[in-house]
Amino acid sequence: MMLSFYVTGTDTGIGKTLASCALLYRLRAHGLRAAGMKPVASGCVRIDGVWRNEDALALQAAGESGIDYADINPFALEQPLAPELAARDAGIEVTLAPILDAYARLSAQADALVVEGVGGWAAPLSATLMQADLVRALRLPVVLVVGLRLGCLNHALLSARAIAADGLTLAGWIGSHVDPTMARVEDNIAMLRHRLPAPCWGVLPYAPDAAPQALAAHLDIPASMGG
(Lines give C-alpha, C1' and ligand atoms only; values in the text may rest on other atoms or scores of the structure.)
Protein backbone atom coordinates (compact mmCIF):
# COMPACT_ATOMS: atom_id res chain seq x y z
CA MET A 1 0.00 0.00 0.00
CA MET A 2 1.33 3.44 -0.94
CA LEU A 3 2.33 5.56 2.06
CA SER A 4 1.57 9.19 1.23
CA PHE A 5 0.59 12.38 3.00
CA TYR A 6 0.06 16.06 2.29
CA VAL A 7 2.21 18.55 4.18
CA THR A 8 0.61 21.91 4.94
CA GLY A 9 1.59 24.68 7.33
CA THR A 10 0.26 27.25 9.73
CA ASP A 11 1.61 29.95 7.38
CA THR A 12 4.11 30.52 4.63
CA GLY A 13 7.80 30.54 5.50
CA ILE A 14 7.55 28.27 8.52
CA GLY A 15 9.61 25.31 7.32
CA LYS A 16 7.26 23.13 5.27
CA THR A 17 9.96 22.28 2.74
CA LEU A 18 12.54 21.53 5.41
CA ALA A 19 10.04 19.28 7.22
CA SER A 20 9.02 17.60 3.96
CA CYS A 21 12.65 16.90 3.03
CA ALA A 22 13.39 15.58 6.52
CA LEU A 23 10.36 13.29 6.19
CA LEU A 24 11.70 11.99 2.89
CA TYR A 25 15.05 11.15 4.45
CA ARG A 26 13.30 9.51 7.39
CA LEU A 27 11.21 7.35 5.06
CA ARG A 28 14.24 6.41 3.00
CA ALA A 29 16.06 5.44 6.19
CA HIS A 30 13.31 2.86 6.67
CA GLY A 31 14.17 1.37 3.29
CA LEU A 32 11.30 2.96 1.38
CA ARG A 33 11.57 4.49 -2.07
CA ALA A 34 10.30 7.94 -1.12
CA ALA A 35 9.67 10.84 -3.48
CA GLY A 36 8.56 14.42 -2.93
CA MET A 37 6.02 16.42 -4.86
CA LYS A 38 5.29 20.14 -5.00
CA PRO A 39 2.20 20.28 -7.24
CA VAL A 40 2.14 24.08 -7.43
CA ALA A 41 5.14 26.33 -6.84
CA SER A 42 5.35 30.07 -7.42
CA GLY A 43 8.65 31.89 -7.52
CA CYS A 44 10.78 30.08 -10.11
CA VAL A 45 13.98 30.71 -12.02
CA ARG A 46 15.06 29.61 -15.49
CA ILE A 47 17.44 26.64 -15.43
CA ASP A 48 18.40 25.13 -18.78
CA GLY A 49 15.51 26.97 -20.37
CA VAL A 50 12.75 25.73 -18.07
CA TRP A 51 11.24 27.07 -14.84
CA ARG A 52 12.48 25.52 -11.62
CA ASN A 53 11.49 26.19 -8.01
CA GLU A 54 13.93 26.05 -5.10
CA ASP A 55 11.58 24.10 -2.83
CA ALA A 56 10.73 21.56 -5.53
CA LEU A 57 14.43 21.09 -6.29
CA ALA A 58 15.06 20.44 -2.58
CA LEU A 59 12.34 17.77 -2.61
CA GLN A 60 13.86 16.24 -5.74
CA ALA A 61 17.29 16.09 -4.06
CA ALA A 62 15.88 14.53 -0.87
CA GLY A 63 13.84 11.87 -2.64
CA GLU A 64 14.47 8.83 -4.77
CA SER A 65 16.88 9.51 -7.62
CA GLY A 66 15.79 9.53 -11.24
CA ILE A 67 12.45 11.28 -10.70
CA ASP A 68 11.43 13.69 -13.46
CA TYR A 69 11.21 17.28 -12.20
CA ALA A 70 8.06 17.87 -14.28
CA ASP A 71 6.25 15.22 -12.23
CA ILE A 72 7.50 16.65 -8.94
CA ASN A 73 6.32 20.16 -9.87
CA PRO A 74 3.65 20.13 -12.60
CA PHE A 75 2.89 23.85 -12.17
CA ALA A 76 6.10 25.90 -11.95
CA LEU A 77 5.08 29.56 -11.87
CA GLU A 78 7.56 32.36 -12.37
CA GLN A 79 6.29 35.12 -10.10
CA PRO A 80 6.69 34.80 -6.28
CA LEU A 81 3.01 35.48 -5.69
CA ALA A 82 -0.05 33.61 -4.50
CA PRO A 83 -0.50 30.76 -7.03
CA GLU A 84 -3.74 32.18 -8.40
CA LEU A 85 -2.01 35.48 -9.22
CA ALA A 86 1.21 33.88 -10.47
CA ALA A 87 -0.75 31.58 -12.78
CA ARG A 88 -2.82 34.50 -14.07
CA ASP A 89 0.36 36.40 -14.88
CA ALA A 90 1.64 33.34 -16.75
CA GLY A 91 -1.60 33.01 -18.70
CA ILE A 92 -2.43 29.57 -17.34
CA GLU A 93 -4.85 28.03 -14.84
CA VAL A 94 -3.95 25.52 -12.17
CA THR A 95 -6.16 22.47 -12.64
CA LEU A 96 -6.42 19.04 -11.05
CA ALA A 97 -5.84 16.79 -14.06
CA PRO A 98 -2.09 17.46 -14.63
CA ILE A 99 -1.43 17.09 -10.89
CA LEU A 100 -3.33 13.79 -10.66
CA ASP A 101 -1.51 12.45 -13.73
CA ALA A 102 1.88 13.40 -12.27
CA TYR A 103 0.94 11.86 -8.92
CA ALA A 104 0.03 8.60 -10.67
CA ARG A 105 3.40 8.51 -12.42
CA LEU A 106 5.21 9.19 -9.14
CA SER A 107 3.21 6.48 -7.41
CA ALA A 108 4.54 3.95 -9.90
CA GLN A 109 8.12 4.86 -8.96
CA ALA A 110 7.92 5.08 -5.17
CA ASP A 111 6.65 3.39 -2.04
CA ALA A 112 5.97 6.69 -0.29
CA LEU A 113 5.12 10.20 -1.44
CA VAL A 114 5.40 13.47 0.48
CA VAL A 115 3.23 16.10 -1.20
CA GLU A 116 4.00 19.65 -0.09
CA GLY A 117 1.31 22.30 -0.32
CA VAL A 118 1.58 26.07 -0.66
CA GLY A 119 1.42 28.58 2.21
CA GLY A 120 -1.16 27.78 4.86
CA TRP A 121 -4.10 25.38 4.52
CA ALA A 122 -6.58 27.96 3.21
CA ALA A 123 -4.26 29.38 0.53
CA PRO A 124 -6.10 28.80 -2.78
CA LEU A 125 -4.50 27.14 -5.79
CA SER A 126 -6.76 28.92 -8.28
CA ALA A 127 -10.01 30.83 -8.41
CA THR A 128 -11.89 27.52 -8.38
CA LEU A 129 -9.47 25.14 -6.67
CA MET A 130 -8.60 24.98 -2.99
CA GLN A 131 -5.93 22.79 -1.45
CA ALA A 132 -8.68 20.79 0.24
CA ASP A 133 -10.02 19.90 -3.23
CA LEU A 134 -6.62 18.54 -4.23
CA VAL A 135 -6.18 16.57 -1.01
CA ARG A 136 -9.65 15.04 -1.42
CA ALA A 137 -8.83 14.05 -4.99
CA LEU A 138 -5.55 12.46 -3.87
CA ARG A 139 -7.21 10.91 -0.78
CA LEU A 140 -4.33 11.87 1.48
CA PRO A 141 -4.04 12.43 5.23
CA VAL A 142 -2.59 15.79 6.25
CA VAL A 143 0.53 16.63 8.27
CA LEU A 144 0.56 20.14 9.73
CA VAL A 145 3.87 21.98 10.16
CA VAL A 146 3.50 24.45 13.04
CA GLY A 147 5.82 27.45 12.95
CA LEU A 148 6.88 27.90 16.57
CA ARG A 149 6.56 31.61 17.21
CA LEU A 150 4.20 33.92 19.04
CA GLY A 151 0.67 33.16 17.81
CA CYS A 152 1.39 29.53 16.95
CA LEU A 153 -1.35 28.18 19.22
CA ASN A 154 -4.02 30.19 17.44
CA HIS A 155 -2.69 29.39 13.97
CA ALA A 156 -2.30 25.69 14.70
CA LEU A 157 -5.72 25.23 16.28
CA LEU A 158 -7.48 27.19 13.53
CA SER A 159 -5.65 25.15 10.88
CA ALA A 160 -6.59 21.86 12.53
CA ARG A 161 -10.20 23.02 12.79
CA ALA A 162 -10.25 24.01 9.10
CA ILE A 163 -8.77 20.68 8.00
CA ALA A 164 -11.46 18.82 9.94
CA ALA A 165 -14.20 21.12 8.62
CA ASP A 166 -13.05 20.30 5.09
CA GLY A 167 -13.67 16.63 5.86
CA LEU A 168 -10.01 15.63 5.87
CA THR A 169 -7.82 13.79 8.35
CA LEU A 170 -5.04 15.40 10.34
CA ALA A 171 -2.57 12.54 10.76
CA GLY A 172 0.01 14.45 12.76
CA TRP A 173 1.92 17.68 13.25
CA ILE A 174 5.55 18.79 13.28
CA GLY A 175 6.88 21.70 15.28
CA SER A 176 9.32 23.96 13.45
CA HIS A 177 11.46 26.42 15.41
CA VAL A 178 11.40 29.61 13.34
CA ASP A 179 11.96 32.19 16.10
CA PRO A 180 15.01 31.53 18.29
CA THR A 181 13.89 34.27 20.70
CA MET A 182 10.41 32.83 21.33
CA ALA A 183 9.60 32.86 25.06
CA ARG A 184 8.28 29.75 26.84
CA VAL A 185 8.63 27.64 23.71
CA GLU A 186 8.50 24.31 25.57
CA ASP A 187 5.29 25.39 27.30
CA ASN A 188 3.80 26.24 23.92
CA ILE A 189 4.81 22.83 22.53
CA ALA A 190 3.21 21.15 25.54
CA MET A 191 -0.03 23.05 24.94
CA LEU A 192 0.04 22.08 21.28
CA ARG A 193 0.52 18.43 22.21
CA HIS A 194 -2.44 18.67 24.55
CA ARG A 195 -4.81 20.53 22.24
CA LEU A 196 -4.11 19.36 18.70
CA PRO A 197 -6.20 16.29 17.77
CA ALA A 198 -3.27 14.37 16.30
CA PRO A 199 0.14 13.15 17.50
CA CYS A 200 3.32 15.15 17.26
CA TRP A 201 5.75 13.62 14.76
CA GLY A 202 8.66 15.61 16.13
CA VAL A 203 10.06 19.09 16.61
CA LEU A 204 12.70 20.52 14.29
CA PRO A 205 15.28 22.74 16.01
CA TYR A 206 16.19 26.23 14.88
CA ALA A 207 19.07 25.41 12.56
CA PRO A 208 19.06 27.68 9.49
CA ASP A 209 22.09 25.98 7.90
CA ALA A 210 21.28 22.39 8.83
CA ALA A 211 20.84 19.78 6.12
CA PRO A 212 17.41 18.14 6.15
CA GLN A 213 19.11 14.74 6.25
CA ALA A 214 20.58 15.66 9.63
CA LEU A 215 17.17 16.79 10.90
CA ALA A 216 15.42 13.56 9.93
CA ALA A 217 16.43 12.04 13.27
CA HIS A 218 14.15 14.55 15.02
CA LEU A 219 11.08 13.01 13.36
CA ASP A 220 9.25 9.82 14.23
CA ILE A 221 6.53 8.68 11.84
CA PRO A 222 3.99 6.57 13.78
CA ALA A 223 3.99 2.84 13.10
CA SER A 224 0.37 3.14 12.02
CA MET A 225 1.59 5.29 9.11
CA GLY A 226 4.29 2.84 8.16
CA GLY A 227 7.19 4.54 9.96
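Predicted model: local features only at pLDDT ≥ 70, side-chain atom pairs only at ≥ 80, totals over all residues.
Reader: Why are α7 and α8 called roughly parallel to each other?

Author: The axes of α7, residues 152-165, and α8, residues 185-195, come within 10 Å and cross at roughly 20°. Angles under 35 degrees count as roughly parallel, and therefore α7 and α8 are described as roughly parallel to each other.

Reader: Which residues of α7 and α8 meet?

Author: From α7 come Cys-152, Leu-153, Ala-156 and Leu-157, which meet Asn-188, Met-191, Leu-192 and Arg-195 of α8. By class, the residues of this contact of α7 with α8 are six nonpolar, one polar and one charged.

Reader: What makes α1 roughly parallel to α2?

Author: The axes of α1 and α2 lie 9 Å apart, and the helices pack at an angle of about 10°. Since the cut-off for roughly parallel is under 35 degrees, that angle makes α1 roughly parallel to α2. On the α1 side the contact is made by Thr-17, Ser-20, Cys-21, Leu-24, Tyr-25 and Arg-28, and on the α2 side by Asp-55, Ala-58, Leu-59, Ala-61 and Ala-62. The contact of α1 with α2 has seven nonpolar, two polar and two charged residues.

Reader: Which elements give two or more residues to the lining of the second largest pocket?

Author: The second largest pocket has a volume of about 220 Å³, and its lining includes Thr-17, Cys-21, Tyr-25, Asp-55, Ala-58 and Pro-212. The elements that give two or more residues to this lining are α1 and α2, with the largest share, five residues, coming from α2. Seven residues of the lining are nonpolar, one is polar and two are charged.

Reader: What lies closest to the centre of the largest pocket, and what is its volume?

Author: The largest pocket has a volume of about 350 Å³. Of the 18 residues that line the largest pocket, the closest to its centre are Thr-12, Lys-16, Lys-38, Asp-55 and Gly-119. At least two lining residues each are supplied by α1, β3 and β7, and β7 gives the most, with three. By class, this lining has six nonpolar, eight polar and four charged residues.

Note on methods. Residues numbered from 1 in each chain as written. Heavy atoms only, no water. 1 Å grid on protein atoms, 1.4 Å probe; cavity = no way out; pocket = protein on both sides within 12 Å on 5 of 7 lines; lining within 4 Å. Points joined across faces, edges and corners; volume = space filled by probe spheres on them. Helix = DSSP H or I, 4+ residues; strand = E, 2+ residues; numbered from the N terminus. Nonpolar A, V, L, I, M, F, W, Y, C, P; charged D, E, K, R; others polar. Axes fitted to C-alpha atoms, helices over the stretch in contact; angles between N-to-C directions. Parallel < 35°, antiparallel > 145°, perpendicular 65-115°, else oblique. Contact = heavy atoms within 4.5 Å.
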